[in-house]
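Colleague: Hi! Could you walk me through this one? I'm new to reading structures.

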Amino acid sequence: MDPLDPPDRPVDAVEASRSIATVSVDAVAAIDAVVAALPDDDDGDTPLAAAIAVDTRRRLVLTGRPLPPPTHTRVLTVANQKGGVGKTTTAVNIAAALAQSGLKVLVVDLDPQGNASTALGVDHRSGVPSVYEVLVDGAEMTGVVVESPTVAGLFCVPATIDLAGAEIELVSLVAREGRLARALAAHLADTAYDYVFIDCPPSLGLLTVNAFVAAREVFIPIQCEYYALEGLSQLLRSVEMIRSHLNPELAVSTILLTMHDGRTRLSSQVADEVREHFPEQTLRTTIPRSVRVSEAPSFGETVMTYDPLNSAALAYLEAAAQIAERGAQGSR
Ligand SMILES: Nc1ncnc2c1ncn2[C@@H]1O[C@H](COP(=O)(O)OP(=O)(O)OP(=O)(O)O)[C@@H](O)[C@H]1O
Ligand SMILES: [Mg+2]
């Protein structure tokens, strides 16, 4: 096989997931009975068998069930100026999980790399109407939104490489920090969404500032590795500054631990430390490392459709359920 060829998809897993994904609400009671009949984790099975039993239980409990809508549209900016910590992966997978669970979700790709657009299977070649035209030319967001071909109810404002120049072009424009906020507010006035996620580039420049002004919530993915907390205080200071000058409603509402490696003590130590500092904000679920997560974008998919039975996909679904629970209770 050519090493550049994308790996084959696990056909059985995909088919199995489709049948699970179409489970009807009526079947939920039957599924609950199956879950109750599964052996306990400590039934003396091998570690692998126990892990499979745990995943099976999580899958049956979560997949195909509707999640409750929030009391109002929640706009979350997914930010961390550290590169490669899982911002985009988190934004698109949480968004896909919520949409698969019946909610209407928009992802605004605000990174010139266009990784979120890629993962959602949305065209983002240079010249495609995108967030660049919205920010720099004042185009209406409604004209650039496209639905992801992979998940119904999941929409995307794509980012093209043109956005790379926007950081500089914005400097000379009026109301340069509030351009995304204005465009999003106008779009939300004629199109209702349950959730909006804004995927930021790895910097605290004008693009990220625009995202902070457009949102009420900051969602920080933290990678479970040694330097994880370095730079976090700078991010929190930026949020504080935006709150005092530009957007008094902004607050860090959600933190998710990503790329957790259960085999290392370091991963768990980082997770414990983050929980100690941010007990309220940190979601109970942590996202494990899985190669399937990083393969999915090369097929224009999130792992939620590419391999929904995978542990990381289940973890993202669980995290989405926790976010939805909070939203239904009216928090943020
Ligand atoms: N749970 C995971 N398991 C394995 N690989 C992962 C996982 N989460 C993310 N990755 C991979 O790690 C890399 C960085 O993730 P991602 O692009 O989401 O980070 P980012 O913070 O958006 O990066 P950037 O700062 O460049 O925008 C990607 O190759 C992604 O596929
Ligand atoms: Mg990214």
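Modeller: Happy to; we'll go through the sheet, then some helices, then the ligand.

Colleague: Before that, what sort of model is this?

Modeller: This is a predicted model.

Colleague: Okay, the sheet. How many strands form it, and in what order?

Modeller: There are 8 strands in an open sheet, and the order is β3-β4-β2-β5-β1-β6-β7-β8. The pairing is mixed.

Colleague: Which strands are at the edges?

Modeller: Those are β3 (146-147) and β8, and each of them pairs on one side only.

Colleague: And is the pairing of β7 with β8 parallel or antiparallel?

Modeller: Parallel, over 3 bridges, with β8 covering residues 282-288.

Colleague: What holds paired strands together in general?

Modeller: Strands of a sheet pair through backbone hydrogen bonds.

Colleague: Which helix belongs with β7 and β8 in a β-α-β unit?

Modeller: That is helix α11 (residues 265-277), and the unit it makes with β7 and β8 is right-handed.

Colleague: Switching to helices! At what angle do α3 and α14 pack?

Modeller: Helix α3 (residues 47-62) and helix α14 (residues 311-328) pack at about 45°, and their axes are 10 Å apart. That angle is why α3 counts as oblique to α14. The crossing of α3 past α14 is left-handed.

Colleague: What about α8 and α9, how do their axes cross?

Modeller: The axes of helix α8 (residues 179-190) and helix α9 (residues 206-214) cross at roughly 45° and come within 7 Å. So α8 is oblique to α9. Here α8 passes α9 in a right-handed crossing.

Colleague: Nice. Now the ligand: how many residues surround ligand 1?

Modeller: There are 18 of them, and the closest are K87, T88, T89, P202 and S294.

Colleague: Which elements supply at least two residues each to that shell?

Modeller: α4 (87-100), β7 (251-260) and α12 (291-295) do. The largest share, 3 residues, comes from α4.

Colleague: And by class, what is the shell around ligand 1 made of?

Modeller: It has 9 polar, 6 nonpolar and 3 charged residues.

Key: Residues are numbered from 1 along each chain as its sequence is written. Chains are lettered from A and ligands numbered from 1 in the order in which they are written. This is a predicted model: local features need pLDDT of at least 70, side-chain atom pairs count only at pLDDT 80 or more; totals for chains, interfaces and linings use all residues. A residue is near a molecule or strand if its C-beta atom, placed from the backbone, lies within 6 Å of it. Helices (H or I, at least four residues) and strands (E, at least two) are DSSP runs, numbered from the N terminus. Ala, Val, Leu, Ile, Met, Phe, Trp, Tyr, Cys and Pro count as nonpolar, Asp, Glu, Lys and Arg as charged, and the others, Gly among them, as polar. Two strands pair if DSSP finds at least two bridges between them. A crossover is right-handed if, with the strands pointing away from the viewer, the path from the first strand over the helix to the second runs clockwise. Axes are lines fitted to C-alpha atoms, for helices over the stretch in contact, and angles run from 0 to 180 degrees between N-to-C directions. Angles under 35 degrees count as roughly parallel, over 145 as roughly antiparallel, 65 to 115 as roughly perpendicular and the rest as oblique. A crossing is left-handed if the near helix is turned anticlockwise from the far one by less than a right angle, and right-handed if clockwise.
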